[in-house]
Amino acid sequence: MTKKYDIIICGAGLAGLSLAYSALSSGVWTNQRVLIIDKSTKDTNDRTWSFWEKSPGIFESLVHHKWNQLVFFTNDQQRIDLQHLPYKYKTIKGLDFYKYVRSFLQKLTQVEWIEESVESVESPGDHCLVKTDKGRYECKFAFDSRYKKPDLKYGDQYFLQHFKGVTIRTGNRKFNPDQAFLMDFRTSQKNGTTFFYTLPMSENEVFIEYTLFSKELLTEDIYDHELKTYITNVLGVSDYDLIDSEFGVIPMTDFKFKRRSGNVMNIGTAGGDTRGSTGYTFTNVQKTITKIVQAFERTGTPFFKNEHLGSIEKLYDSTLLNVLAEGNYEGHQLFTDLFKGTKAKTVFSFLDGESSIIEELKVMKSLRTWPFLKWFTKVVFRYL
Ligand SMILES: Cc1cc2nc3c(=O)[nH]c(=O)nc-3n(C[C@H](O)[C@H](O)[C@H](O)COP(=O)(O)OP(=O)(O)OC[C@H]3O[C@@H](n4cnc5c(N)ncnc54)[C@H](O)[C@@H]3O)c2cc1C
């Protein structure tokens, strides 16, 4: 038997739960019967989301820590204090987010949440059919955030942003909890563009992430070895306990993700909300969800016209990925030139797709012109 709903959300991760929370807490889906399906229990802290923001967002109460001072270290040990205000860098723990949204949804009788594995989501006509390992469901609109690597076309770039992060508790060595190292390139670059995020949550608790932009993953022992070397030799911490760890891979690609097929909308990374040049996704997801909820309020459908990450942002991302792939302008040098030549607040606004043409010119001026101009021209032609 096929059970019927108004809306089905496949995947209760960042995008699926942000959508459910935004649409239901704002009253836009008051009359909709909603089914949420996820194959996992969502009861572990499987990720930490960091992002920058000018003013408090919808999940401000979940912010675990924020930083007013950001520092960048070059591969040759230079320190750059970033001028990023009014943006603040913030962190939300995945588990805090899952628990918060789940407890909100549990109070609503119109919402059902099931633990099943979605096998297909289709839109034959003006409705959607969702098949799972246990059942069949029908609805008017479906949202899908299951991600699988897309079938790339010749010339598409597909980098992996892969990382291992650890939270450590230090003994005598104290950190400034108001100061984070946004990118610390004081490490070998032999496996690709490689840096650390160092985010102190308190004087004695620090989250450190060894991050690479490259096309291949490393073996587990290399992430561990590099983390240990950085903690001891660069941060000067010899006495510490490991509290937590996470491993992740984020696609960095210029593949054109499809937002919509009939009444099915792809959201999150699967819908193109991950910025190809950086892997940052949290803020883009919130902006897409806002567009969906506003469209629903206006028209009774979730379809919106203009993507927040539009063609120009996609062209910039594609250009950067091609420059990195070519390898003549190394990633660490490129980011060093960027943060030396442009205020971080301009870079943030550029990456948010909110910069003016003057700001975009400032960003471009700080980088080596030739590799960017060459690849920008090529990707424009490809795009056309
Ligand atoms: C470890 C890690 C750290 C990250 N840190 C940051 C960060 O600091 N800042 C940032 O901006 N971005 C970060 N990202 C990138 C991005 O923000 C996250 O991946 C984000 O969770 C993407 O949201 P999403 O909804 O697209 O996918 P997810 O949050 O992964 O949600 C997808 C959901 O679909 C479910 N699912 C998958 N397949 C099925 C199926 N067949 N049936 C049913 N359910 C299914 C999964 O269980 C999951 O709950 C990070 C990613 C990872 C992996």
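How many residues does H1 have, and how far does H1 reach from its first C-alpha to its last? I looked this up before anything else. H1 has 12 residues and reaches 16 Å, close to the 16 Å expected at 1.5 Å a residue. For my own bookkeeping, the expected span is 1.5 Å times one less than the number of residues in the helix. Helices (H or I, at least four residues) and strands (E, at least two) are DSSP runs numbered from the N terminus.

**Ground rules**

I am working with a predicted model, where local features need pLDDT of at least 70 and side-chain atom pairs count only at pLDDT 80 or more, while totals for chains, interfaces and linings use all residues. Residues are numbered from 1 along each chain as its sequence is written, and side-chain values use heavy atoms, with hydrogens and water left out.

**Entry: more on H1**

I checked the cover on H1 next. I call a residue buried under 20% relative accessible area, exposed over 50% and partly exposed in between (1.4 Å probe, protein chains only). By that cut-off, 11 of the 12 residues of H1 are buried. Among them I noted Leu14, Ala15, Gly16, Leu17 and Tyr21. Just after H1, Gly27 takes a positive phi of about 85 degrees.

**Entry: the ligand**

I then went through the shell around the ligand. A residue is near a molecule if one of its heavy atoms lies within 4 Å of it. There are 30 residues around the ligand, and Asp38, Lys42, Ser50, Val118 and Thr281 come nearest. I sorted the shell into 10 nonpolar, 12 polar and 8 charged residues. In this scheme Ala, Val, Leu, Ile, Met, Phe, Trp, Tyr, Cys and Pro are nonpolar, Asp, Glu, Lys and Arg are charged, and the others, Gly among them, are polar.

Which elements supply at least two residues of the shell each? I found helix H1 (14–25), strand S4 (48–53) and strand S18 (240–253). The largest share, 4 residues, comes from S18.

Why does the ligand lie between domain 1 and domain 2? Domain 1 (2–39 + 93–148 + 254–299) and domain 2 (158–253) both give residues to the shell, so the ligand lies between them. The domain bounds come from an automatic or database domain assignment.

Next I noted some distances. An oxygen atom of the ligand is 2.8 Å from a polar backbone atom of Ala15. An oxygen atom of the ligand is 2.7 Å from an N or O atom in the side chain of Lys42. A nitrogen atom of the ligand is 3.1 Å from a polar backbone atom of Thr48. Taken alone the ligand exposes 980 Å², and the protein buries 87% of that. These areas come from the Shrake-Rupley method with a 1.4 Å probe; for residues, only the protein chains shown count as cover.

I went back to Lys42, which sits in the loop between strand S3 (34–38) and S4. Lys42 is not a glycine, yet has a positive phi of about 55 degrees. Is Lys42 buried or exposed? Lys42 counts as buried, because its relative accessibility is 14%.

Gln77 also has a positive phi, near 75 degrees, in a residue other than glycine. I placed Gln77 in the loop between strand S6 (69–73) and S7. At 54% relative accessibility, Gln77 counts as exposed.

I also noted a cis peptide bond that joins Leu85 and Pro86, with omega about 15 degrees. Pro86 is in the loop between strand S7 (79–82) and strand S8 (88–93).

**Entry: spot checks**

Gln179 is in strand S15 (residues 179–184) and is buried, with a relative accessible area of 15%. Which side chain does the side chain of Gln179 make a polar contact with? I found Gln69, at 3.0 Å. A polar contact is a pair of N or O atoms within 3.5 Å; within protein, one must be able to donate a hydrogen and the other to accept it, and residues adjacent in sequence count only if both atoms are side-chain atoms.

Phe207 is in strand S17 (residues 205–214) and counts as buried at 7% relative accessibility. Phe207 and Gly165 are 42 residues apart along the chain, and their C-alpha atoms are separated by 6.8 Å.

I finished on helix H7 (residues 344–351), where 7 of the 8 residues are buried, so H7 is largely enclosed by the rest of the structure. The buried ones include Val347, Phe348 and Phe350. Gly353 follows H7 and has a positive phi, near 70 degrees.
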